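Here is a short note on charged side-chain contacts. Please read it alongside the model.

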Amino acid sequence: MEVLDTRGLSALRAIAESGSVAAAATALGWSQPTINHHLRNLERALGSTLVEKSPRGSQPTVVGSLVVSRAIEILGLCERLGTEVALWREAQAVPVKIGAVPTVGARVIPKLHNQLQRRPRWQTHEERAAAKPAAGGSSAPADTAPAEAVPAEMTTAALDVTMDEHAKLVARLEAGDLDLALLVSTDIDRTWIPSTLTATHLYSEQLFLCVPKFVGPIGLDEQGMPDLTSLVSQTWAFSIDPGDAIDEVVRSFCVAAGFEPRVGMRMDDYAAIIRMIAAGLAVAVIPDSSVPEDPTVEIIPMPMDACRRDVLLVSRSRTAESRAKVSRHDPIIAAHHAAIAEVVADVRTVTAQWRSPHSGGDRG
């Protein structure tokens, strides 16, 4: 098969998105003959008709639809490559793709970014020569070595951040679309973690039952667990994510108390949830990092021994093949692994302030 020209893939994707050759030409800033030329070259290279033309426009054939899906992936990788090379050229930084559930990302990512900014940058030979005094106390001439970038003791990582639901982040980790993810779990044994992933415990958060003040005092049992039966008639605020870790804990405790919680609203903005609770529209269980200071909300701690939210740093498990690639010292792979290691180290640094005695163990 001939080597594929990405211009043909761009033309096909534009036709699929716009519905006609004319609209595709406008979108790409090409002429219609240019669109047709690259499309014909792509069809010849693949040996298939990819577009059906009619008076109503142009649409991909069945095979064309398959090629469109692959074209989106390929062109997306090309665009990412261009972005990464530009980043490297301008800042000598290695992109690290990190995902996070929003409540954790909002707390950790800004501190992580600040921590990374404090690390030493990569230097050129010229910069090193200027910074290091030569024998006799004078600086070495700047033209004694070529100016190409060489690695210092540490690389510089640049964060590419994605905030999303737990399940989607796990899927993107497994697919290799993310390097790391900040996830949460209330499952102490972490049985949900696929064998392809490795999770490291960062810190644990206490959970708090938050109810409107007018609901009245909530009794506690001998272990300090709130009496949830007094909330049978209340409406609960749950997450938009159907597999949310805290929601599963709440549901299990309510069922154990003899009732199914009545979910009246779904949202992931804890500030909005607090306003709903203050207005008497809901009750909810909220992690320590989002607990409000609102006199109209009753805040009741849940015992850590019974439930807590663990914040985990999750990555893909290293395979024998990936270890072999590193052992061959491919400079690109080595730089990427070094940048990931840099981010991992700084994640641990910025989350140390929230670490609790309930650290649990790491699961490989």
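How exposed is Glu-298, by relative accessible area? Glu-298 is partly exposed, at 26%; the class lies between buried (under 20% relative accessible area) and exposed (over 50%), using a 1.4 Å probe and protein chains only.

1. Basis. This is a predicted model: local features need pLDDT of at least 70, side-chain atom pairs count only at pLDDT 80 or more, and totals for chains, interfaces and linings use all residues. Residues are numbered from 1 along each chain as its sequence is written, and side-chain values use heavy atoms, leaving out hydrogens and water.

2. Overall count. The whole structure holds ten salt bridges. Each is a side-chain nitrogen of Lys or Arg within 4 Å of a carboxyl oxygen of Asp or Glu.

3. Glu-298 and Lys-213. Their side chains form a salt bridge, 3.1 Å from N to O. Glu-298 sits in strand 13 (residues 297–301) and Lys-213 in the loop between strand 9 (207–212) and strand 10 (235–238), so the pair ties together parts 85 residues apart in sequence. Strands are DSSP runs of E, at least two residues; helices are H or I runs of at least four; both are numbered from the N terminus. Lys-213 is partly exposed, at 43%.

4. Asp-177 and Lys-97. The closest N and O atoms of this salt bridge are 3.2 Å apart. Asp-177 is in the loop between helix 7 (166–174) and strand 7 (180–185), while Lys-97 is in strand 3 (residues 94–100), 80 residues apart. Asp-177 is partly exposed at 28%; Lys-97 is buried at 9%. Both join Arg-172 in a salt-bridge network.

5. Arg-309 and Glu-205. This salt bridge has its closest N and O atoms 2.8 Å apart. Both residues are buried.
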